[in-house]
There are 2 protein chains.
Amino acid sequence: MKVKDIGEQGLLRILQQFCPSDIIGDDAAILTTEPEKSLVVTTDVLVENVHFSEVTTSPEDVGWRAVAANLSDLAAMGASPMAITVGLGLPGNVEVSWVEYLYTGMTQCLGSFNTLIVGGDLVKAPVITIAITAFGQAHPQNIIRRNTAKVGDAIIVTGIHGASRAGLELLLHPEFGKNLDETEKQTLIKAHQRPQPRLDILPILRSTVETLNVTPLQISGMDSSDGLADAVLQICRASNVGACLEWQKIPTPKVFKSWLSPIQALEYTLYGGEDFEVVLCVPSEFAEILVEEIGGNAAIIGKITSNKDVRLCDTQKEIPEQVLRLDRGFQHFN
Amino acid sequence: MKVKDIGEQGLLRILQQFCPSDIIGDDAAILTTEPEKSLVVTTDVLVENVHFSEVTTSPEDVGWRAVAANLSDLAAMGASPMAITVGLGLPGNVEVSWVEYLYTGMTQCLGSFNTLIVGGDLVKAPVITIAITAFGQAHPQNIIRRNTAKVGDAIIVTGIHGASRAGLELLLHPEFGKNLDETEKQTLIKAHQRPQPRLDILPILRSTVETLNVTPLQISGMDSSDGLADAVLQICRASNVGACLEWQKIPTPKVFKSWLSPIQALEYTLYGGEDFEVVLCVPSEFAEILVEEIGGNAAIIGKITSNKDVRLCDTQKEIPEQVLRLDRGFQHFN
C-alpha cells in the first residue's frame with residue numbers, strides 16, 4: 001500500500017497515532033513552558049539521497065537519527081527537550097509502512113526523553129524530506145553557547161569520535177571490515193544507525209556546577225554532529241580564540257589502532273561527523289572532575305589558545321603537524 | 001552567481017544578515033516566553049512545483065506567502081507571533097539572488113508583526129523546499145481551538161473568500177481576465193501573492209470578550225488556508241456538530257457577480273483556499289458586535305447545527321442544495 005493509495009487524510013489518520021491526541025488537531029500545538037525557563041529551538045532538514053539512503057539506513061534508523069540530531073542540538077545548548085514537530089515531504093509512491101517505520105524510529109528515540117511529536121505538516125515532494133523542529137527549555141544560566149570559550153579553557157569531549165563514520169563505511173563497503181570480528185563491526189554500525197543524543201550530561205553539568213559553586217555561564221560548547229574538527233573550529237571562531245588538540249587524547253573506537261592507518265583513523269575522528277557527542281570548553285581547574293562525573297569515554301582533548309587557529313599539537317612522525325580547516329568537513333552545495 | 005558557487009558557508013553568511021546577530025550562531029535559538037503564556041507552535045512545508053512555481057510566484061512572494069501561512073495558523077489559534085525558523089532545501093543551481101529575494105519577502109511579511117527569523121537549516125535538495133516553524137504565545141484562556149464549536153453558534157468569516165484562487169487563475173491564464181479592468185485584476189492577483197495573516201483580529205477578540213464579559217473559551221475556529229469549506233468541515237468534525245452556510249452572505253470579491261457564473265464563483269469561494277482568513281464560531285448573541293468590531297468584510301455566514309453535515313442552506317435555482325465534502329479541496333497525494 002502506497003501513500004498515494006490512502007491520500008493525505010488517510011496517512012494523517014495513521015500518523016496521528018504517534019502523537020498525543022489532546023495536542024494535535026488544531027492549526028498549531030500548545031505547549032506549556034516552565035516559568036523562568038527560556039525556550040530553546042532548533043531545526044534540521046534531512047533529504048533522501050543527501051542525508052540518508054535506503055542502502056545504509058532503514059526507515060526506523062532514519063527516524064531515530066533525525067530525532068537524535070535535533071535532541072543533540074538541544075543537549076549542546078544545555079536544554080531539556082519538550083516536543084518536536086515534523087514536516088514531512090513524500091513522493092506518492094512511498095510505502096505507507098515505510099512512513100510508519102519512520103515514525104516508529106522517531107518515537108523510539110523520543111521515548112527515552114519523555115518527548116512528544118506535537119504536530120507537523122504532510123506534503124507531496126519529489127524525494128523524502130524530513131524537517132524536524134525541536135523545542136527545549138533551560139534556565140538562562142544553564143544555557144551553553146559557542147561564543148564564550150576563553151583562553152586556557154580545557155576542551156572536553158563527552159565520548160568517542162569516528163565510530164559513526166566507520167560504521168557508515170562498513171555499511172557502504174562490507175569488505176572494508178574483513179579484519180574485524182562481528183561484535184566490532186556491529187558496534188561501529190550501531191554508532192552510525194542509533195546515535196545517542198547526550199542529554200544525559202545535563203543533570204551532571206548542573207550538579208557539578210552546583211557542587212563546585214562555579215559562577216554561571218563558564219561552560220561553552222556545541223555538538224559534534226558535523227565532526228569534531230568542525231565543532232572546535234566553530235567554537236573558536238565564535239569565541240575569537242584558537243585551540244590546540246592533543247591528538248593522542250581524543251577517544252576513538254579501540255579497533256581503529258589495529259584496523260586503520262593513523263591518517264585514516266585521524267580523518268574519521270576529526271572529520272567523520274554524526275557521532276552526536278558534545279564538545280565542551282570549561283576552566284581547566286574544573287575539567288578533570290567534570291570528565292570523571294560524565295564518565296564513559298569522556299576526555300580532555302586539548303585547550304583553548306590565544307592564537308586564532310586550531311592545531312593538532314602532539315603530532316609525531318606518523319601524523320604531520322596541521323592546522324584544521326572548516327572546509328574539510330561535509331559542506332552542502334560543494 | 002549560483003548557490004553552488006558560494007557553498008553552504010557562503011550562503012549562510014548572506015542569510016544571517018536577515019537574522020538578529022545576537023540570537024543566531026548556536027546549535028539552537030533561545031527565546032523568552034512571557035510568564036503565564038502558553039507556547040503555540042505550527043509548521044508548514046512548501047515544495048517547488050507543488051505549492052508554488054516560478055510562473056506565478058516571484059521569490060519575494062514565495063517568502064511572503066510561506067510566512068503568511070504560518071502566521072495565519074497562529075492568528076487562528078489566538079496566538080501572537082514571536083519568531084520563526086526556516087529549514088531550506090535548495091538545488092545547487094539556484095541563483096543566490098533568488099534566495100536573497102525569498103528572505104526579503106519573508107522579512108517583509110514578518111516585519112509588520114515584529115517577528116524575527118531566529119534560526120534554521122540549509123541543505124541540498126533536488127527541488128526548492130521551505131520548512132517554516134512559527135512560535136507564538138497566548139494566554140491559555142485566549143487560545144482558539146477547533147473542537148469547541150457549539151450548536152447554535154454563529155459562523156463568522158473575517159473577510160472575503162475566493163480572491164486568492166481567482167488571482168492564481170489570472171496569473172496562470174491571463175486571457176481569463178479579459179473582461180476585468182486592471183485594478184480589479186491586480187486586486188485579485190495581490191490577494192494571491194500577498195495574503196495578510198489576520199493577526200489584527202487578536203486584540204479585537206480580546207477587547208470584545210473583555211467588554212462583553214464573556215466566559216473564556218467561547219470562541220472556536222481555524223484559518224481558511226485550505227479553503228472555506230475545509231475550515232467549516234474541520235471545525236464541525238472536531239466539534240462533532242454540523243453547519244448550515246448561507247451562501248449569499250459569504251463575502252466574495254465584488255467582480256465575481258458580473259465576471260463568473262454562480263457555480264464558478266461558489267467553487268472559488270468554498271474550495272479556492274489560501275485566502276488566509278479566519279473562520280470563527282461564537283455564541284450568536286455576540287456575533288454581530290464581533291463582526292462590527294472586526295470590520296472590513298467580516299460577516300456572519302451561517303450557524304452551527306446539531307445534524308452532522310455541512311450544508312448550503314439558502315440555495316436557489318442557480319445553486320443546487322448541497323452537502324459540502326472534505327475531499328473537494330486540495331489534497332496531497334491524490
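Which residues are linked with A:Arg198 in a network of salt bridges? The partners are A:Asp200 and A:Glu277, and together with A:Arg198 they make up that network, where a salt bridge is a side-chain nitrogen of Lys or Arg within 4 Å of a carboxyl oxygen of Asp or Glu.

Before going further, a word on the ground rules. This is a predicted model, in which local features need pLDDT of at least 70 and side-chain atom pairs count only at pLDDT 80 or more, while totals for chains, interfaces and linings use all residues. Residues are numbered from 1 along each chain as its sequence is written, chains are lettered from A and ligands numbered from 1 in the order in which they are written, and side-chain values use heavy atoms, with hydrogens and water left out.

An α-helix has 3.6 residues a turn, so residues three or four places apart point the same way.

In chain B, a salt bridge connects B:Lys37 and B:Glu34, whose closest N and O atoms are 3.2 Å apart. Here B:Lys37 counts as buried at 17% relative accessibility, and B:Glu34 is partly exposed at 40%.

Another salt bridge in chain B is the one between the side chains of B:Asp61 and B:Arg194, at 2.8 Å from N to O. This pair links distant parts of the chain, 133 residues apart, since B:Asp61 lies in helix H2 (residues 59-77) of chain B and B:Arg194 in the loop between helix H5 (182-193) and helix H6 (201-212) of chain B. B:Asp61 is buried, with a relative accessible area of 6%.

Now to the cysteines. A disulfide is a covalent bond between the sulfur atoms of two cysteines, and the cut-off used here is a pair of cysteine sulfur atoms within 2.5 Å. How many disulfides does the structure hold over all chains? There are 2.

In chain A, A:Cys244 is joined to A:Cys313, with 2.2 Å from S to S. The two cysteines are 69 residues apart and link distant parts of the chain, A:Cys244 being in strand E8 (residues 242-245) of chain A and A:Cys313 in the loop between strand E11 (310-312) and strand E12 (322-323) of chain A. A:Cys244 is buried at 13%, while A:Cys313 is partly exposed at 35% relative accessibility.

In chain B, the disulfide runs from B:Cys244 to B:Cys313, at 2.3 Å from S to S. B:Cys244 counts as buried at 13% relative accessibility, and B:Cys313 as partly exposed at 37%.

Strands E8 and E11 of chain A bring us to a sheet. In chain A, 7 strands form an open sheet with mixed pairing, in the order E7-E9-E6-E10-E8-E11-E12, and two strands pair if DSSP finds at least two bridges between them. Its edge strands, each pairing on one side only, are strand E7 (220-223) and E12 of chain A. E8(A) and E11(A) pair in the parallel sense over 3 bridges, and A:Leu245 has A:Leu312 in E11(A) as its bridge partner.

Finally, where does helix H1(A) bend? H1(A) bends by about 75 degrees at A:Gln9, the bend being the angle between axes fitted to the seven residues ending there and the seven starting there. Among the buried residues of H1(A) are A:Val3, A:Gln9 and A:Leu15.

Notes:
Buried means under 20% relative accessible area, exposed over 50%, partly exposed in between (1.4 Å probe, protein chains only). Helices (H or I, at least four residues) and strands (E, at least two) are DSSP runs, numbered from the N terminus.
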